[in-house]
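I opened this model to look up a few things and wrote down what I found. The entries follow in the order in which I checked them.

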Amino acid sequence: MSDLEHMRAALALAARGLGNTWPNPSVGCVIVRDGRVVGRGFTRPGGRPHAETEALRAAAGMAKGATAYVTLEPCCHWGRTPPCTDALIASGISRVVVALRDPDPRVDGVGLQRLRDAGITVDVGVLEEEARRVNAGFIKRFACRLPMVTLKLATTLDGRIATRTGESQWITGPEARRLAHALRGSHDAVMAGSGTLLADDPELTCRLPGYAPMPTVRVIADARLRTPPGARLFNSEAPVWIATRPGHDPAALAALEQRGAALLDVPAASGGGLEPEALLRILAARGITRLMVEGGAVLGASLLRAGLVDRLAWFAAPSLMGGDGLSGLESLGVECLDQMPRLRVTGRRPAGECWLIEADILPAPSAMG
């Protein structure tokens, strides 16, 4: 097998840890000796052990003279675990193939140099773009102090999420809902607006057995502090963070804290609601790298208007509701065609009778220069 094939296997391992390793990256490692894979590993829940440590343990002494394929530059500093560079050097690995340099300034290039100084051959950049996509959230948090944001929509073909009376369960079928749970499990946190919370009383958990070892954080954007202490999301052990404006009644805040909620003070936007970029920066500061936004036509539109959405996951059901149904997105302020958010479709797959269309949100023309 070639370097490309072994790195693809390492990237597939890295993808298995998404949603479970924050604030650390999810990394995959494959160790190959004499053409045979002797060790595999990926970052474990909570960010430790690291992928290289797991793969070396699996190699059980067969790493000497082998090649390690790693999706992200091995760490070279002490954190909650010893440096992976030291473990690779001690194992007798003769070559390390790295997809992507680590954007963490404590590591960036230093880990590669430490390996080279130890006499190990190092090659960098194999399937770099694929590795960037896997760790887009980790990279964006370092580059922009923001999480990567996926906006999830579940609508009829004409973009409606509920009837005019508010009935919405269920527009999509069970297969689509299972796939939506899998998407939740691949993100660090799920965010919904208070309107969705009051209308649907969702749990916002990933309820696929064995899929998400780390409970997904539930974030409620609730400027007016309307979250009831009896909401169903308090019935599970997964963390609940309520983002709201300062100045609410202390008794109301205390009632939510007694249910286990963490309260996040977010500045108010000029037109009401929460300032979207400030909210995302607070989440990133708390370690969130991958955020899935589901539920809330107002919330989704506010993030799109601010240019803060990176990816779209649209579940389209084979049904029509017409103009009196509730739209999946509130106003985006589009007055001419070149103001519309543009998409690059990255995937289409069936979900029972529905379709999941995945896309990247392209930069606005002014942002592209």
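**Salt bridges.** I counted 20 salt bridges in the structure; each is a side-chain nitrogen of Lys or Arg within 4 Å of a carboxyl oxygen of Asp or Glu. The model is predicted, so I noted that local features need pLDDT of at least 70 and side-chain atom pairs count only at pLDDT 80 or more, while totals for chains, interfaces and linings use all residues. Residues are numbered from 1 along each chain as its sequence is written, and side-chain values use heavy atoms, with hydrogens and water left out.

I looked up R114 and D86, whose side chains form a salt bridge at 3.7 Å, N to O. This pair links distant parts of the chain, 28 residues apart, with R114 in helix 4 (residues 110-117) and D86 in helix 3 (residues 84-91). Helices (H or I, at least four residues) and strands (E, at least two) are DSSP runs, numbered from the N terminus.

I then took R106 and D104, which meet in a salt bridge at 2.7 Å, N to O. Buried means under 20% relative accessible area, exposed over 50%, and partly exposed in between (1.4 Å probe, protein chains only).

E129 and R132 form another salt bridge, with the closest N and O atoms 3.8 Å apart. They sit 3 residues apart in helix 5, so about one helical turn separates them. I also found D3, R95 and D123 joined into one network by salt bridges that share partners.

**Cysteines.** I found 0 disulfides; a disulfide is a pair of cysteine sulfur atoms within 2.5 Å. C354 is in none, and the nearest cysteine sulfur, that of C206, is 19 Å away. C354 counts as buried because its relative accessibility is 4%.

**Helix 10.** I checked helix 10 (residues 276-285) and found P276, A278, L279, L280, L283 and A284 buried. At its start, a side-chain oxygen of E275 comes within 3.1 Å of the backbone nitrogen of E277. After helix 10 comes G287, with a positive phi near 105°.

Methods: A polar contact is a pair of N or O atoms within 3.5 Å; within protein, one must be able to donate a hydrogen and the other to accept it, and residues adjacent in sequence count only if both atoms are side-chain atoms.
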